[in-house]
Number of protein chains: 2
Amino acid sequence: MTANRPCGVWAPAITPFRQDLSPDPERFARHAHWLLANGCSGLAAFGTNSEANSLNAGERMELLSYLVEHGVAGGRLMPGTGCCALTDSVRLTSHAVRLGCAGVLMLPPFYYKGVSDEGLFRNFAEVIERVGDARLRMYLYHIPPVARVSISIPLIERLLKRYPGTVAGLKDSSGDWNNTQAVLEAFSASGFDVFAGSEVFLLRNMRNGGVGCISATANVNPAAIHHVYENWRESNADELQDEISATRSVIQKYPMIPALKAIVARGSSDDGWATVRPPLVELTVEQQASLATDLDGHGFSMTVAGRNEESLAPEV
Amino acid sequence: MTANRPCGVWAPAITPFRQDLSPDPERFARHAHWLLANGCSGLAAFGTNSEANSLNAGERMELLSYLVEHGVAGGRLMPGTGCCALTDSVRLTSHAVRLGCAGVLMLPPFYYKGVSDEGLFRNFAEVIERVGDARLRMYLYHIPPVARVSISIPLIERLLKRYPGTVAGLKDSSGDWNNTQAVLEAFSASGFDVFAGSEVFLLRNMRNGGVGCISATANVNPAAIHHVYENWRESNADELQDEISATRSVIQKYPMIPALKAIVARGSSDDGWATVRPPLVELTVEQQASLATDLDGHGFSMTVAGRNEESLAPEV
């Protein structure tokens, strides 16, 4: 990890929608500040768990600008900017760089399957060349269970060789520790920053040269996850890790994004948070009740998870 | 099939790019007119083979408007308008309806995998409600090998019940004849129009109540495919079908989209056609030569395939 580069716990901040399914910038900014006050080092806005691909480019840029205009420093932001269309990726990435974002999290173009590393290299290279800004820090986003397009180790190697400094790291959401370990072994010593895609792998990632995690559940449990990050060298680190893994295992019995929104809705006494955009569907009343029971049984609530829960509640 | 509704052979028209990867409307319109003069009943512009998802919404609308402004009747157009973001799908679909397009070909939102029929229903329903135009004819686009999100028979049933008339048909690119047959058996008698996603299934589709095909290779072999469509009730129909299937089998030994572009480049003596956008990669020189040899050996060329090949060549 290089000084001043993103590290620690970053949340793929969930995106609130109004009843008419339009994005809600006020709730978004409120959640962003709550996350930053409660253990997140930064926000990977417009990740998978942000329903980013359910937003168009204009909506994403408006929300990002709103955050910066409302007190979120660019250095705390690593927005997702990788789209199927090269021209959208360039537009979003340029916008993020202009706003002073610490980095961008780049999905590969994910419509065509079975594409070659050559084609993916050209995609990322075109984005870098067209953005043409030395401030760009690109974090590759490897999430084969969803994108169904992978970022291979030879591809990373080629990109790093051609664009050292600009190609800055990777988020590994493969769910496969062996892959994370292989990436760490290949590149972490040279300053390529690897984020685990789930806090379940946070301790292992830190012990093997990684820099933190970007995890869905950081939306609701940031303080405890940050506590593992801060104490990964301590003797009780495994125990702390077990606790956050257990919390995640309760949440992930439910569809992740609707569950996160239901938890934030409950924790902030703001039902508006529960809304998702199609093709996702919010939790049923039964699922909400069951999730609440499960989390209560586990001793978890947003109030406990956050040191500063008040800023999450809507202003009256 | 209802009178004046799309039927026959429709081409997912390939999209030409300039060397700088920007879309080339002039070449696009030239190809469109060549297709319509050589056996295509219409154009499913912005399909998978059009690299539609490698274009952003603005680029797609500009190209579509250009076609209409340059003599392609709206009734000959069924553009792809289904995107991951609801707001993009609504925008593109509204634009297509305003231009008088015969229909739109709707991909499901394809980023999230394992989504429910309820979520997909809501997506399509929102598009229909928001476009709010009785002229809309929506053709569902089932292409699980690429989208990795399916359009199930119960989903079609529910959409047809809620939006009869508007939900007009389906393109089945599953490559699974059993699925096409099941859709035909369930819905074709009620006026739901099924297009095979490959000319390989054209004859079977016609014999079972379908209305035609929307096929990649209609970009290069439209006249012969149209000949099967016109003669499907004739005694030599199986023989004609075997011929177009054989031509397709030669082409699909190569990556389909780059191969189609290489064939059009060769047939029009216009190398500019070969360009693809990342993540696709054009054929290598060796692949181009091998494809040419294979097609020559098969007795195929764009000149033979087209009755009116001159309109494909660039104007000097």
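# A tour of a two-chain model

Start with both chains on screen: a rotation of 180° with 0.0 Å of shift along its axis superposes chain B on chain A, with an RMSD of 0.0 Å. The two copies are thus related as by a two-fold rotation axis. Here copies are superposed by least squares on the C-alpha atoms of residues with pLDDT of at least 70 in both. In general, two copies of a chain are related by a rotation about an axis and a shift along it.

This is a predicted model, in which local features need pLDDT of at least 70 and side-chain atom pairs count only at pLDDT 80 or more, while totals for chains, interfaces and linings use all residues. Residues are numbered from 1 along each chain as its sequence is written, chains are lettered from A and ligands numbered from 1 in the order in which they are written, and side-chain values use heavy atoms, with hydrogens and water left out.

**Stop 1: where the chains meet**

Show the interface residues. Of those in chain B, 100% are also interface residues in chain A, so the copies meet through the same surface.

**Stop 2: the nonpolar cores**

Next, select Leu43(A), Phe124(A), Met138(A), Leu140(A), Ile156(A) and Phe192(A), the residues with the most contacts inside the largest nonpolar core, which has 134 residues. A nonpolar core is a set of buried Ala, Val, Leu, Ile, Met, Phe, Trp, Tyr and Cys residues joined through side-chain atoms within 4.5 Å. Buried means under 20% relative accessible area, exposed over 50%, and partly exposed in between (1.4 Å probe, protein chains only).

Which helix gives the largest share of this core? Select helix α11 (residues 256-267) of chain A, which supplies eight residues. Helices (H or I, at least four residues) and strands (E, at least two) are DSSP runs, numbered from the N terminus.

Apart from this core lies another, of 88 residues, including Leu55(B), Ala196(B), Leu202(B) and Ile263(B).

Now centre on Phe124(A). Leaving aside neighbours within four places in sequence, Phe124(A) is in contact (heavy atoms within 4.5 Å) with Met106(A), Leu107(A), Pro108(A), Met138(A), Leu140(A), Ile151(A), Leu155(A) and Leu159(A).

**Stop 3: the cavities**

Rolling a probe the size of a water molecule over the atoms shows where empty space is left. On a 1 Å grid over the protein atoms alone, a cavity is a set of points where a 1.4 Å probe fits but cannot get out, and lining residues have an atom within 4 Å of a point. Grid points are joined across faces, edges and corners, and a volume is the space filled by probe spheres set on the points.

How many cavities of 30 Å³ or more does a search of the whole structure find? The search finds seven. The largest cavity has a volume of about 260 Å³. To find it, select Cys83(A), Cys84(A), Asp88(A), Cys83(B) and Asp88(B), which lie nearest its centre among 22 lining residues. The elements that give two or more residues to this lining are α2 (57-69) and α3 (86-98) of chain A, together with α2 (57-69) and α3 (86-98) of chain B. By class, the lining of the largest cavity has 14 nonpolar, four polar and four charged residues. Ala, Val, Leu, Ile, Met, Phe, Trp, Tyr, Cys and Pro count as nonpolar, Asp, Glu, Lys and Arg as charged, and the others, Gly among them, as polar.

The second largest cavity has a volume of about 70 Å³. Of its 13 lining residues, Phe46(B), Arg60(B), Gly80(B), Gly82(B) and Leu107(B) lie nearest its centre.

**Stop 4: a pair in chain B**

Select His142(B), in strand β4 (residues 138-142) of chain B. Is His142(B) buried or exposed? His142(B) has a relative accessible area of 5%, so it is buried. Among its contacts beyond four places in sequence are Asp172(B), Ser174(B) and Asn179(B).

Then move to Asn179(B), in helix α7 (residues 177-187) of chain B. Asn179(B) is buried too, at a relative accessible area of 19%.

**Stop 5: backbone details**

Most residues other than glycine have a negative phi, and most peptide bonds are trans. Select Glu51(A), which is not a glycine but has a positive phi of about 55°. Glu51(A) is buried, with a relative accessible area of 0%. Arg148(A), also not a glycine, has a positive phi of about 60°; Arg148(A) counts as partly exposed at 34% relative accessibility.

Finish at Pro278(A) and Pro279(A), joined by a cis peptide bond with omega of about 15°. In chain B, a cis peptide bond joins Pro278(B) and Pro279(B), again with omega of about 15°.

Note on methods
1 Å grid on protein atoms, 1.4 Å probe; cavity = no way out; pocket = protein on both sides within 12 Å on 5 of 7 lines; lining within 4 Å.
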